[in-house]
Amino acid sequence: MRTTTNYIKVSEEARAKLARVFKVEKKTVYLALTGRRDSEKARKIRFTAVNEYGGVPMVHCPACETLHETTEDGREVMRQEWPNGAVLVWYKGTGEVIVRHKGREVLHEECKDLPRFSEIQLYAESL
């Protein structure tokens with residue numbers, strides 16, 4: 001199951017105003033702000049929320065222990081461990097990412113951007 005990782009945080013008052021301005025239900029505003037809807041109106045709601053009502057774009061980051069280390073061969077790595085037994089290792093400089101779950105490698109790829117890295121973190125969290 002994939003969860004939405006990006007959303008726009010606004011006050012309840014702003015959500016009510018957005019619903020009135022766009023003549024939609026509060027649920028439609030919620031779906032737009034959480035990215036679950038991507039229609040033209042949903043994009044306008046997100047834009048207005050940020051530019052007119054003080055909305056703040058947010059990203060879900062899984063809670064885990066994060067360590068920054070240097071390996072014996074001199075490679076710098078970031079290591080994240082989750083309570084479910086998943087371990088993510090990201091090699092700085094190369095973008096190589098390895099995810100192990102309970103000792104078994106379940107993902108190995110070169111990660112080029114932050115959105116993909118966030119997806120990999122969510123994957124590790126969900127194992």
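The model contains an open sheet of 5 strands in the order E3-E4-E5-E6-E7, with antiparallel pairing, where strands (E, at least two residues) and helices (H or I, at least four) are DSSP runs numbered from the N terminus and two strands pair if DSSP finds at least two bridges between them. This is a predicted model, in which local features need pLDDT of at least 70 and side-chain atom pairs count only at pLDDT 80 or more, while totals for chains, interfaces and linings use all residues. Residues are numbered from 1 along each chain as its sequence is written, and side-chain values use heavy atoms, with hydrogens and water left out.

At the edges of the sheet stand strand E3 (65–70) and strand E7 (104–110), each of which pairs on one side only. From one strand to the next the twist averages 15 degrees. Strand E6 (residues 96–101) and E7 run antiparallel and are joined by 6 bridges; Arg 100 stands opposite Glu 105 in E7. Helix H4 (residues 114–126) packs on the sheet, touching strand E4 (76–81), strand E5 (86–91), E6 and E7, and its direction makes about 175 degrees with that of E7; axes here are lines fitted to C-alpha atoms, for helices over the stretch in contact, and angles run from 0 to 180 degrees between N-to-C directions.

The largest nonpolar core has 13 residues, and Val 10, Leu 18, Val 29, Leu 33, Ile 45 and Ala 49 have the most contacts inside it. Such a core is a set of buried Ala, Val, Leu, Ile, Met, Phe, Trp, Tyr and Cys residues joined through side-chain atoms within 4.5 Å. Helix H1 (12–22), helix H2 (26–33) and helix H3 (40–52) each supply at least two residues of this core, and the largest share, 4 residues, comes from H1. Apart from this core lies another, of 11 residues, among them Trp 82, Val 99, Leu 107 and Phe 117.

Leaving aside neighbours within four places in sequence, Ile 45 is in contact (heavy atoms within 4.5 Å) with Leu 18, Phe 22, Val 24, Val 29, Ala 32 and Leu 33. In H2, Val 29, Leu 31, Ala 32 and Leu 33 are buried, and what covers the buried residues of H2 includes strand E1 (6–9), H1 and H3. Just after H2, Gly 35 takes a positive phi of about 75 degrees.

| Residue | Relative accessibility and class |
|---|---|
| Cys 64 | 25%, partly exposed |
| Cys 111 | 8%, buried |

Methods: Buried means under 20% relative accessible area, exposed over 50%, partly exposed in between (1.4 Å probe, protein chains only).
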